[in-house]
Amino acid sequence: MARHGAFFALVLLAVAGAAAGAEAERASEEAIQQVLPRPLVIELPTEERCGERADEDAELRCASWRLAGEANNLAPWTALPEECVGHVRRYLTGPAYRSDLELVAREASAYARAAARAGETDAWVFDVDETLLSNLPYYAQHGYGLQLFDHLEFDKWVERGEAPAIPSSLSLYKEVRELGFKTFLLTGRSEGHEGVTVDNLNKEGFHEWDKLILRAPADRKKTATAYKSDKRKEMEAEGYKILGNSGDQWSDLLGYSMSARSFKLPNPMYYIP
């Protein structure tokens, strides 16, 4: 009987040990699961998600490209990158472009009011294309800058005299005039387009500038930077103090005989050296 009792005691001890071991094993598995949940499921990206990511990446690249252009950090370029056509189209036809133009005009207006001294020689220089007048209707038909610039086709557009005013620039122009600045319109258009340019400007509300300067035959081989710098130097030689300059190209603003303050309007459609 005593042997049977000892046997059962050993059995109970074995069962208890087995139960304790099982409990310890379960606790160990739970601890492992807390560290690394099971099962581990890795979801591969779907084709649709890959396409969305590619679109997002292209949008970021194109936004960076546009910003680099506005900051004058790009090497000289001749056409809009093909993958950026959609980005530039949305920018130009949406609220962002208008907002950017309005911000530049507000800053220029604030500066003009502070700088105005009612002096007879204080001058403000304005570019024409993409500064006072918009050629967006033309560029919308030519890939928003994707197509290489065609002088003949663009001249046909200019000769129609249908470029609309940029509203914020028209307001700035009128204010600068009212503040007493001498206003010089310095454009890369040729002298042969003087008549149609005057008519287009007048039709869109621009009046009474002091001088409209266009490219003469002797200026045709000059870069825009050199041509416009030469003309500003002539203004200074005549005694004018150029306090402000508005343009959509860095070549409108840089070089020599620069203004006291320059205002760069956005333009991702083309680059003129």
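This is a predicted model: local features need pLDDT of at least 70, side-chain atom pairs count only at pLDDT 80 or more; totals for chains, interfaces and linings use all residues.
Residues are numbered from 1 along each chain as its sequence is written, and side-chain values use heavy atoms, with hydrogens and water left out.

**The chain as a whole**

The protein chain has ten helices and five strands, where helices (H or I, at least four residues) and strands (E, at least two) are DSSP runs numbered from the N terminus. Of the 273 residues in the protein chain, 40% are buried; buried means under 20% relative accessible area, exposed means over 50%, and partly exposed lies in between, with a 1.4 Å probe and protein chains only. The protein chain exposes about 15,800 Å², and carbon and sulfur atoms supply 57% of that area, as computed by the Shrake-Rupley method with a 1.4 Å probe. Among contacts (heavy atoms within 4.5 Å) between residues at least 6 apart in sequence, 71% join residues at least 24 apart.

**Helix α9**

Helix α9 covers residues 224-237, and its 14 residues reach 20 Å from the first C-alpha to the last, close to the 20 Å expected at 1.5 Å a residue; the expected span is 1.5 Å times one less than the number of residues. The buried residues of α9 are A224, Y227, K228, S229, K231, R232 and M235, and what covers them includes the strands β1 (122-126), β2 (182-190), β3 (211-215) and β4 (241-247), together with α10 (250-253). After α9 comes G239, whose phi is positive, near 100°.

**Residue N267**

N267 is found in the segment after β5 (261-264), and it counts as buried because its relative accessibility is 6%. The side chain of N267 reaches the backbone nitrogen of M269 at 2.9 Å. Leaving aside its neighbours within four places in sequence, N267 is in contact with E70, E130, D248 and Q249.

**The disulfide**

Where does the chain hold a disulfide, a pair of cysteine sulfur atoms within 2.5 Å? C62 and C84 form one, with their sulfur atoms 2.1 Å apart. This pair links distant parts of the chain, since C62 is in helix α2 (residues 47-70) and C84 is in the loop between α2 and α3 (85-93), 22 residues apart. The torsion about the S-S bond of C62 and C84 is about -90°, so the disulfide is left-handed.

**Aromatic pairs**

A search of the whole structure finds 17 aromatic pairs. Rings of Phe, Tyr and Trp (its six-membered ring) pair if their centres lie within 6.5 Å, and planes under 30 degrees apart count as stacked, over 60 as edge-to-face and the rest as tilted. Y111 and W124 form a tilted pair, 5.9 Å centre to centre with 55° between the planes. Y111 lies in helix α4 (residues 95-115) and W124 in strand β1, so this pair ties together parts that are 13 residues apart in sequence. The rings of F149 and F154 also form a tilted pair, because their centres are 5.4 Å apart and their planes are at 50°. Ring pairs link Y111, W124, F126, Y173, F181, F206 and F263 into a cluster.

| Residue | Relative accessible area | Class |
|---|---|---|
| C62 | 1% | buried |
| C84 | 2% | buried |
| Y111 | 17% | buried |
| W124 | 0% | buried |
| F149 | 39% | partly exposed |
| F154 | 11% | buried |

How values were computed
A polar contact is a pair of N or O atoms within 3.5 Å; within protein, one must be able to donate a hydrogen and the other to accept it, and residues adjacent in sequence count only if both atoms are side-chain atoms. A disulfide is a pair of cysteine sulfur atoms within 2.5 Å.
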